[in-house]
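User: I have a model open here. Can you walk me through some of the strands?
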Amino acid sequence: MRITLSVIKADIGGFVGHSDSHPECLCEADNKLAKAKQSGLIIDYHVTKCGDDLQLIMTHQKGENNTDIHETAWNTFVSCTEVAKRLKLYGAGQDLLADAFSGNIKGMGPGAAEMEFEERISEPVVIFMADKTSSGAWNMPLYKMFADPFNTIGLVIAENMHQGFKFEVHDVKDSKKIIFSTPEEIYDMLVFIGAPNRYPVKAVYTRNGEIAASSSTQKLAFIAGRYVGKDDPVCIVRCQGAFPAVGEVLEPFATPYLVEGWMRGSHWGPIMPTGVADSLPTRFDGPPRVIAQGFQLSQGKLIGPRDFFADVSYDQAREMANKMAYMMRQHGPFEPHRLPLDEMEYTTMPQVSRKLAERFKPL
């Protein structure tokens, strides 16, 4: 059975501030997708949240970038925004950067990761969702999952993975893409994906072209031309068989790493793996959170979810993230906690520079 798995998210209003999603918004989204399922448009769905981001997980047979699917997601976000406005939630509808749907959700604010594939005899998938971070946040874990034998032993001892994978990398500034083959092009690829703000990994494929992972790569600041919130990306990863095992896919998050985002989207901070219930970024509006929801697909039905990061084995990762957060916070408005100036162009930096321009004198 050939199916499409679509994960589409948007920040439609925070409860309280930017810390959480209100239950009434999730209920409204559930009602909308239940009607879409009843109509036959989608096979199945799951509604969840990560911090103040509403997450729509849908299975269907319409293919990627389908107008009807994207319009359903858009209309769901619009309806949930009305709930958010009624409740006076903070930043109601902030990710909806267009007045009306125009055929595809790309470039309209919400983030989307999609993949179409032939469902296997057993089809486990893990869906990662993050809050208070940017679209390049998946670069390091995707590299570890699919190219690092110290993380994924299957690259060494599993015959069907030994040949490596292909990475599709996007240049979100100049709207270009490139495909790298690993392991032979690892060093070339790292030159680019080591700068995740500009060169996020969009997708990973087996060497014969089968989709393995897909992520959202839209940059809200590039779309809006100003800071309107972080991208808060999503990522789908297929597991087992020709792909890394579930444990190998989750392993990169056992060690926190620094990502862009946190308070006002203008700071480096550690990404903390938590269960859905603990995806509540409150310390300086953070630190950034990541959740992992696992499903078995059966004829397009979403069997699950398993809330992977609710596991106690990630307690040490959370402790490490808290210690890293304390260390970074000591820098206050100074780099390296605050992002470098070239990443502050969508904040107040340009206005302050213009105001003081005449006061700068030649040395």
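Analyst: In S8, Tyr205 is the bridge partner of Lys166. Strands here are DSSP runs of E, at least two residues long, numbered from the N terminus. This is a predicted model, where local features need pLDDT of at least 70, side-chain atom pairs count only at pLDDT 80 or more, and totals for chains, interfaces and linings use all residues. Residues are numbered from 1 along each chain as its sequence is written, and side-chain values use heavy atoms, with hydrogens and water left out.

User: How many bridges are there between S6 and S8?
Analyst: Five, with strand S6 (residues 165-171) and S8 pairing in the antiparallel sense. Two strands pair if DSSP finds at least two bridges between them.

User: And Tyr205, what is its bridge partner in S9?
Analyst: Ile211. Three bridges join S8 to strand S9 (residues 211-215), and the two run antiparallel. S8 and S9 form a hairpin with four residues between them, and Gly209 in the turn has a positive phi of about 95°.

User: How many residues of S8 are buried?
Analyst: Five of the six in strand S8 (residues 201-206). Buried means under 20% relative accessible area, with a 1.4 Å probe and protein chains only.

User: Switching to His60. Why does His60 count as buried?
Analyst: Because its relative accessibility is 0%. His60 is found in strand S3 (residues 53-60).

User: What does the His60 side chain make a polar contact with?
Analyst: The side chain of Ser6, at 2.8 Å. A polar contact is a pair of N or O atoms within 3.5 Å; within protein, one must be able to donate a hydrogen and the other to accept it, and residues adjacent in sequence count only if both atoms are side-chain atoms.

Notes. Buried means under 20% relative accessible area, exposed over 50%, partly exposed in between (1.4 Å probe, protein chains only).
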